[in-house]
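Subject: The structure for you to look at

Hi,

Here is the structure I promised to pass on.

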Amino acid sequence: MARRSAAVVPLGRDAPSRFLPWIFALMVYLAVLALTGVLILHAAVERWQRGEVDTLTVQIMPLENESEEARMAKLRSLLGDVEGVSGFRTVAQSETIYLIERWLGAGNVPSDLPLPRLVDVDIAPGYGLDAETLALRLQASLAGVTVDDAKLWLDRLADFGRSLELLAVAVVILIGLATVATVVFTTRMGISIHRNVIELLHLIGARDGYVAVQFQRQAMILGLRGGVLGIIFAVATLYGLRHVAGRLETPLAPDIPVAHWAWGLLAAVPVVTAVIAMVTARLTALRELAKMP
Amino acid sequence: MVRFENVGMRYGMGPEVLHDVTFAIEPGEFRYLVGPSGAGKTSLLRLMYLAHRPSRGLISMFGTDVMMARRHELVGLRRGIGVVFQDYRLLAHLSALDNVALPLRVAGAKEEEVQDHVSELLAWVGLADHIHALPDSLSGGQKQRVAIARAVITRPRLLLADEPTGNLDEMLGQRLLRLFEELNRIGTTVVIATHNQNLVARNPHPIMALDSGELQLGAAMEEAG
């Protein structure tokens, strides 16, 4: 019965082959976390920008001498007359209390706390109506009115999010480059260690491609092995983060991770790592072998 | 088949170890390469099995100018040359079968053919019971036979052997010589580097004598004549 042949170049017995899977595992772990950061930020920025566009929030602070219902009726009347307001919705007081409970904790809102009444106002496009103009129009007829434009600070938040997104992409690229550098270094080391074997292979008629296959196969195996290890640790970390994020109870907290396709992307990281390792090992080996006689 | 003209060779920036070596070997010849230790026999063989390029002169192997040949062209030339190294150069992590199979595998032979041919050849050199043995578990003579089997498995046009009887007793040395002569009879050109004078005397063939890196043509002509 034919026995399975051993690898021609005994790369599996080298020191690099022992530590390389751990290096790959670390790279994949960091890359998955950084990539998750990119996906989370991307989704969050999209959500922040999409959800609050063209909506202003009008607040009426309670006044001692005036009836709240009368002031709300006047506000509705005024809003109905403003050109550019396509619709509005009075936020129920229970919703306002719920929003404050996010910060103070459930049941911790004192009953005598003066709460503002909120009205969400939809702005029709093309009228140039902004928070400042609307505030001036309303304040002329009604005291204690302010208008918030969530879009302003959400835009700033989105800009910051995009900067972080770019930073995370840069980190992923740097991790890729570090992986490439590691493979280049270990391949060169492998060629140096096994110079005698490689010279023998050349002398019996082996092409450089045959020798390079030995290195690329080893790099791919180690890349996959380390990649699987790295993604196991990364997924465990993401589940931990997801649990922590779930306890934040804030509408701005991002989802971890964002979508099914994102999980697919993260799962592809070990495979991509193995392919990068394989291609890098092959190109490095071919370049180094070309220097031999 | 092999032509050297005014060939000089040096290792790196060191002194020249071969000077103005000129000779030609025709297909089907059997030659000894003799000379004292340090005369340059191994260096000359290294040039012949294309492990090294000369620092000057012209080398033609199988009609191809080695100096002008591109690196990938050397592969085809090397596949026509079988080499028995002085130190065998067996791969310690591979079995006798896998060591002998290497030249076939690097040439892309089918695995069934590899298994059949290698097993047959190992049986022919008396190692049928050691097919799966690792080199470290073999004796010096057995290693040498594995090295010889590896050198001839592809039926090379040129067989080069560097001190092939160095670790063998007289009887085994003679047996090995008969094996080389047998290969020579079926068309393989053979060059054996040796300082075993008894071997040369008992199995006469033309001689190329090297001394201090220079080929002594007089000796070669005398023995050949």
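**What I found**

Let's start with chain B: of its contacts with a separation of 6 or more, 67% are between residues 24 or more positions apart. Keep in mind that this is a predicted model.

Chain B contains eight helices and ten strands. Its radius of gyration is 17 Å, close to the 17 Å that the globule rule gives for 225 residues, so chain B is as compact as a globular protein of that length. If you follow the C-alpha trace along its principal axes, chain B spans about 45 × 40 × 35 Å. Of the 225 residues in this chain, 40% are buried.

Now for chain A, which is split into two domains. Domain 1 is made of two stretches, 11-50 and 154-289, while domain 2 covers 62-143. Taken over C-alpha atoms, the centres of these two domains of chain A are 51 Å apart.

Next, find helix 5 of chain A, which runs over residues 150-193. How far does this helix reach from its first C-alpha to its last? With 44 residues, helix 5 reaches 63 Å, close to the 64 Å expected at 1.5 Å a residue.

The largest one has 113 residues, and the members that touch the most others are Val28(A), Val32(A), Val100(B) and Leu160(B). Which element gives the most to this core? That is helix 1 of chain A (residues 15-52), with 17 residues.

Leaving out residues up to four places away in sequence, Val32(A) touches Gly230(A), Ile231(A), Ala234(A), Leu266(A) and Val269(A).

Last, the place where the two chains meet. Chain A puts 17 residues into the contact, and chain B puts in 20. On the side of chain A that touches chain B, helix 6 (residues 195-203) gives the most, with four residues. What classes of residue are on that side of chain A? There are 13 nonpolar, two polar and two charged residues.

Happy exploring!

How values were computed. Residues are numbered from 1 along each chain as its sequence is written. Chains are lettered from A and ligands numbered from 1 in the order in which they are written. This is a predicted model: local features need pLDDT of at least 70, side-chain atom pairs count only at pLDDT 80 or more; totals for chains, interfaces and linings use all residues. A nonpolar core is a set of buried Ala, Val, Leu, Ile, Met, Phe, Trp, Tyr and Cys residues joined through C-beta atoms within 7 Å. A residue is buried if 20 or more other C-beta atoms lie within 10 Å of its own, exposed if 12 or fewer, and partly exposed in between; C-beta atoms are placed from the backbone. Helices (H or I, at least four residues) and strands (E, at least two) are DSSP runs, numbered from the N terminus. Two residues are in contact if their C-beta atoms, placed from the backbone, lie within 7 Å. Ala, Val, Leu, Ile, Met, Phe, Trp, Tyr, Cys and Pro count as nonpolar, Asp, Glu, Lys and Arg as charged, and the others, Gly among them, as polar. Domain bounds come from an automatic or database domain assignment. The expected span of a helix is 1.5 Å times one less than its number of residues. The radius of gyration is taken over C-alpha atoms; the globule rule is 2.2 Å times the number of residues to the power 0.38.
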